[in-house]
Amino acid sequence: MNTEDNNSAIFNSNPPVKFKISGKIYTAEELAAASHDIVINGWVVYDARKPRKEMDHFENWLQKYLPSKVMSYNNQGDINVAWISVISSQRSEYYNKGEDLEGLMESWEDLTSSRRSIDYHTITELAKKYHVLSGKWMIFAKTGLKVDHFWSLIARATSEGRLGSVAKVSPFNNSDEDGKTHVICMYNEDYTDEDSVKALESAIRQAGIRCQLHYKPDVYTHCGIYRNNNKWKLRPIIYTSQYDIQKQDSTIKQHFDQE
């Protein structure tokens with residue numbers, strides 16, 4: 001199972017508030033009707049917008065759903081949990097208004113069937129046309145204490161409103177004996193807005209994350225463009241961030257060109 005995100009969800013603040021999970025839209029009222037501990041279509045969601053009855057409720061939830069302890073598949077081989085996610089305490093909307101995935105995919109199919117060159121700029125033209133502009137910084141971490149620690153930092157910062165509006169992590173992939181790697185995703189609204197991309201990276205660093213980060217636009221994921229399987233030699237990771245412990249600072253590099 002590929003751990004990269006296939007959901008171009010994004011938050012906005014204008015009502016009506018909606019939360020997009022696996023292609024379905026849920027209103028804030030529907031989420032509010034549930035407890036903090038929500039399970040919808042394979043997503044385990046903690047909604048920090050709801051009033052807390054006890055101060056340690058989030059910490060209890062965090063320990064209950066550590067990514068290294070939650071199994072992706074049940075004993076029958078069906079998906080048990082696809083993602084573990086936290087919604088920020090800030091009132092927001094996990095939905096990219098105006099997003100037209102159907103139009104995007106039709107145009108992508110036409111583009112790949114034509115003789116036009118395909119690069120970052122042609123992909124971005126489609127993204128702007130169909131309003132699929134969200135992107136995410138990603139952390140790849142081995143299962144165990146490392147991913148649990150990274151996720152705890154990210155989830156806590158998100159729930160407290162210090163790190164964007166949503167974050168998610170993949171659970172333990174118990175169907176794959178070769179690789180036990182998790183991915184943590186943290187979103188911003190527009191991958192073409194360099195200031196926004198860098199601001200989110202800075203917030204991730206302030207949360208205590210020092211490992212390498214990778215940034216990928218959601219449009220690449222929707223179009224099925226991954227590093228190891230695209231004939232156009234596109235770089236789906238358009239930014240990387242490396243932290244220098246001695247300098248106590250990070251360096252972000254652009255990778256818009258083709259490999």
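Student: Why does Cys211 count as buried?
Tutor: The relative accessibility of Cys211 is 18%. Buried means under 20% relative accessible area, exposed over 50% and partly exposed in between (1.4 Å probe, protein chains only). Because 18% is under 20%, Cys211 counts as buried. Cys185, at 0% relative accessibility, is buried as well. This is a predicted model, in which residues are numbered from 1 along each chain as its sequence is written, and side-chain values use heavy atoms, with hydrogens and water left out. Local features need pLDDT of at least 70 and side-chain atom pairs count only at pLDDT 80 or more, while totals for chains, interfaces and linings use all residues.

Student: How many disulfides does the structure hold?
Tutor: The structure holds 0 disulfides. A disulfide is a pair of cysteine sulfur atoms within 2.5 Å.

Student: What makes E8 a strand that is largely enclosed by the rest of the structure?
Tutor: Strands (E, at least two residues) and helices (H or I, at least four) are DSSP runs, numbered from the N terminus. Of the 8 residues of E8, 6 are buried, so the strand is largely enclosed.

Student: How do you know that E8 pairs with E10 and with E11?
Tutor: Two strands pair if DSSP finds at least two bridges between them. E8 and E10 run antiparallel and are joined by 8 bridges; E8 and E11 are also antiparallel, with 4 bridges. Gly135 stands opposite Asn188 in E10, and Trp137 has Tyr215 in E11 as its bridge partner.

Student: What caps the N-terminal end of H6?
Tutor: Asp193 is the cap: a side-chain oxygen lies 3.2 Å from the backbone nitrogen of Asp195. A polar contact is a pair of N or O atoms within 3.5 Å; within protein, one must be able to donate a hydrogen and the other to accept it, and residues adjacent in sequence count only if both atoms are side-chain atoms. H6 is followed by Gly208, whose phi is positive, near 110°.

Student: Where does Ala82 lie, and which residues does Ala82 touch?
Tutor: Ala82 is in the loop between helix H2 (57-64) and strand E6 (83-87). Contact means heavy atoms within 4.5 Å. Not counting residues up to four places away in sequence, Ala82 touches Gly42, Ser170 and Pro171. Ala82 and Trp43 are 39 residues apart in sequence, yet 5.7 Å apart in space, C-alpha to C-alpha.

Student: Where is confidence lowest and where is it highest in the protein chain?
Tutor: pLDDT is the predictor's confidence in each residue, from 0 to 100. Strand E1 (residues 11-12) is lowest, at a mean of 32, and E11 is highest, at 97. Over residues 5-19 pLDDT stays under 50, although the model has 74 contacts beyond four places in sequence for them. Where pLDDT is low, the predicted coordinates should not be read in detail.
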